[in-house]
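Hello,

Here is the structure I promised to hand over. Please open it first, then read the notes below it.

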Amino acid sequence: MNKLLVTGQLLVLSGCLSALQAEDKVNFEKDVYPFLKNSCVDCHRAPYLKEGRTRPTKPKADLRFDSAFGIVAGGENGAVVVPGDASKSPILQRTMLDSEHDDFMPPKGDVLTDEQKKTLEKWITEGADFGGWKGSDEARPDDAKDTFK
């Protein structure tokens, strides 16, 4: 009887720990996208017409942060996220440079706080899962992927 009780308690405890770990996982749409939208999307979004222009303004470095497929695709310099390896992910590394460095991001507007950088790092380390978030479908290529898998 005692073995059964202990086994049951361990199963309950295991279930609670699993639930807590799932809650701790970074939710891209809720935890990451809001600060990317605030700090990055103005320069890295689908082509759009600026007031007074006749040709669309393209995303800087051909890199989009307004969609999962844009982040997965990377830009003219290649991948910006290496799932599972924040140290090799330029999206994070460029935010950690000295603000006077040519490659520091974002060069204008709100820089990421230390807490936002930690959240971004955790999201990447966890595998860079977008959950159900897809973002903008504007100018979506036919062969676009919404996940890193």
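**Pockets**

The largest pocket holds about 540 Å³ of space. This is a predicted model: local features need pLDDT of at least 70, side-chain atom pairs count only at pLDDT 80 or more, and totals for chains, interfaces and linings use all residues. Residues are numbered from 1 along each chain as its sequence is written, and side-chain values use heavy atoms, with hydrogens and water left out.

A pocket here is an open set of points on a 1 Å grid over the protein atoms alone, where a 1.4 Å probe fits, with protein on both sides within 12 Å along at least five of seven lines. Lining residues have an atom within 4 Å of a point. A volume is the space filled by probe spheres set on the points, which are joined across faces, edges and corners.

The largest pocket has 28 lining residues. Nearest its centre are H44, L63, F65, M105 and P107. The largest share, three residues, comes from α2. Helices are DSSP runs (H or I, at least four residues), numbered from the N terminus.

By class, this lining has 14 nonpolar, eight polar and six charged residues. Nonpolar covers Ala, Val, Leu, Ile, Met, Phe, Trp, Tyr, Cys and Pro; charged covers Asp, Glu, Lys and Arg; the others, Gly among them, are polar.

The second largest pocket has a volume of about 260 Å³. It is lined by 18 residues, and D62, R64, F69, A73 and P141 lie nearest its centre. Its lining divides into nine nonpolar, three polar and six charged residues.

**Helix α2**

Which residues of α2 are buried? They are F28, V32, Y33, F35, L36 and S39. Buried means under 20% relative accessible area, exposed over 50%, and partly exposed in between (1.4 Å probe, protein chains only). Seen down the helix axis, the buried residues of α2 fall within an arc of 165 degrees, so they line one face. The arc is taken from the directions from the helix axis to the C-beta atoms. These buried residues pack against α3, α4 and α5. Contact means heavy atoms within 4.5 Å. The face of α2 turned away from the buried side carries exposed K30 and K37.

N27 caps the N-terminal end of α2. One of its side-chain oxygens lies 3.1 Å from the backbone nitrogen of E29.

**T95 and its loop**

T95 lies in the loop between α4 (90-93) and α5 (114-125). T95 counts as buried because its relative accessibility is 6%. Leaving aside neighbours within four places in sequence, T95 is in contact with F104, M105, L112 and K117. A polar atom of the T95 side chain lies 2.6 Å from the backbone oxygen of L92. T95 and T113 are 18 residues apart in sequence, and 9.4 Å apart in space, C-alpha to C-alpha.

P106 is also found in the loop between α4 and α5. The peptide bond from M105 to P106 is cis, with omega near -10 degrees.

Most residues other than glycine have a negative phi, and most peptide bonds are trans. A61, in the loop between α2 and α3 (68-73), has a positive phi of about 60 degrees. A61 is partly exposed, at 30% relative accessible area. A139 lies in the segment after α5. Phi of A139 is also positive, near 60 degrees. A139 counts as exposed, at 52% relative accessibility.

Best wishes

Technical notes. Helices (H or I, at least four residues) and strands (E, at least two) are DSSP runs, numbered from the N terminus. A polar contact is a pair of N or O atoms within 3.5 Å; within protein, one must be able to donate a hydrogen and the other to accept it, and residues adjacent in sequence count only if both atoms are side-chain atoms.
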